[in-house]
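Hi,

Here is the structure I promised to pass on to you. Have a look at it first, and then read on for what I found in it.

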Amino acid sequence: MLFNISAAKDTLARIESGLSDHLDSLFLPVRRWGRELQVSAYAGQPGAGADGPSKLMNDANPEGAPPENVISIRGLTKIFGPKPQAAIKLQEGGASKQQVLERTGSVVGLKDIDLDVREGEIFVVMGLSGSGKSTMLRCLNRLVEPTAGSILVNGVDIRKLDDRGLLNFRRLHLGMVFQNFGLLPHRTILDNVAYGLEVRGMPLEQRHAKAMSMIELVGLKGYESSLPSQLSGGMKQRVGLARALANDPGILLMDEAFSALDPLIRRSMQDELLDLHDKLGKTIVFVTHDLDEALRLGDRIAIMKDGQIVQVGTPEEILTNPADDYVASFLNGIDRSKVMTCESLMRKPEVVIPLRTGPRTALRMLDDSDQVTGFVVEKDKRFIGLVKAEDLLKALERSSPLSEAVRADVLTVTPGTMVEDLITILVETDYPIPVLDDGGMLMGVIYPGSVMDKVRPANGNTPEEVPA
Ligand SMILES: Nc1ncnc2c1ncn2[C@@H]1O[C@H](COP(=O)(O)OP(=O)(O)OP(=O)(O)O)[C@@H](O)[C@H]1O
Ligand SMILES: [Mg+2]
């Protein structure tokens, strides 16, 4: 198929830059058209493969709607060194990384990885040094060439792109932020940020305007004429971020981007990244070896070991259910109350008493379950309050209805309340804490005795006993 790539590129650049949100629905057909042009452009490149990415895209995305997984990795393997095929055979036969190295002189970087990254999430990859984090991230834009497997990014099999198709694809879809900033030392901040736009052929005035808006976005207005050497580490990393964002890529790849910064600056960069993510809604793949950073940033976290993924899950899933000892060893010393929510602690209430119940029956219900506290609800499960056995006895003596024995001024939480906040409530109360949804329905109850066991780190120490 004959196709003018630069026209497609321009069309996409126009479509992808700066359309305001309220025009989105109006431009949906245009966006779809742009996406089709882009896929056709790659399909027209030599090396696009028999099916061409267009077919792959259509298979993955029959309705033309954006795929839910923006990155899909299957069977990804990377062998560094002289005998990749022999190394793959050996590892398939169960040889360890060390054995493969001894017998072939090749290093197993990644081993048969399957992974999906969802649109708009911050996906954190963590693991010990040498576990393969950077290799995996760099396979996503083919800075490292995979040895085997497939990588679909926005529905396009990037392994099938030729050099030019790959360059175009990177510029349009992928921004990368490195640990060592990677700035050009003799260019001003403005020209560093505008660099990718310049390579794309954007006219000077337009690219400077776009670069300025990115510089403002990352809080560096006033520094546009400075040179990188005049900026602190944190500021340089902001420039790196602004440069990656200037191309308006859907996906940001960040490799230990904040690891070189001192702890306070690092923390404020994390906050800013979260703010930017809220504002711009990019998909971010973030590599770090720092668990606190992973827990703060990650919607989901993948934990890598020896080139494989040992576990993928939300921070809470990983904390409450570590897949093995390796994962558990990462979690030692973590204050879980800062990550876990009440949802993972709540249990079914032992005694739920409908409001119309008489005090005698309510007492019987408590007695049958060996409880002193019941949870009173309307017919529709809306929570009314607590009732204690002692109050029911008084109501019986006075022949008053259940409603007069109910305590309505009760502290409650939602499933999303952090355990850290629950603990401050538990200190002030002497009853089980009701968990209500946003509509006030009773979802569950937290019995105080069950909390500390769950919050205690995996090594058995209480958070206070763990060295900082
Ligand atoms: N260019 C290369 N040539 C040979 N081996 C490599 C190369 N790059 C990475 N490796 C090997 O691949 C494995 C994974 O390395 P990678 O850099 O991905 O680890 P990492 O998890 O990012 O580690 P770190 O936290 O230290 O950055 C390691 O065993 C490493 O030695
Ligand atoms: Mg690395």
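Before we start, one term: two strands pair if DSSP finds at least two bridges between them. Please also keep in mind that this is a predicted model.

Strand S14 (residues 433-436) and strand S15 run antiparallel and are joined by four bridges. Which residue of S15 is the bridge partner of valine 435? The partner is glycine 444. Together, S14 and S15 make a hairpin, with five residues between the two strands. In the turn you will find glycine 440, whose phi is positive, at about 85°. S15 itself covers residues 442-446, and four of its five residues are buried.

**A strand with neighbours on record**

Now move to strand S3 (residues 122-127). Six of its six residues are buried, so S3 is largely enclosed by the rest of the structure. In a regular strand, side chains alternate between the two faces of the sheet.

What does S3 pair with? Strand S8 (residues 283-287) runs parallel to S3 and is joined to it by four bridges. Here valine 124 has phenylalanine 286 of S8 as its bridge partner. S3 also pairs in the parallel sense with strand S9 (residues 300-305), this time over five bridges.

On the H10 side, the contact is made by Lys210, Ala211, Met214, Ile215 and Leu217, and on the H11 side by Ala242, Leu245 and Ala246. Seven of these contact residues are nonpolar, none is polar and one is charged.

**The chain overall**

Finally, step back. The protein chain has 19 helices and 15 strands, and 37% of its 468 residues count as buried. Among contacts between residues at least 6 apart in sequence, 64% join residues at least 24 apart.

Enjoy exploring, and write back with any questions!

Best wishes

Notes. Residues numbered from 1 in each chain as written. Chains lettered and ligands numbered in written order. Predicted model: local features only at pLDDT ≥ 70, side-chain atom pairs only at ≥ 80, totals over all residues. Buried ≥ 20, exposed ≤ 12 C-beta atoms within 10 Å, placed from the backbone. Contact = placed C-beta atoms within 7 Å. Nonpolar A, V, L, I, M, F, W, Y, C, P; charged D, E, K, R; others polar.
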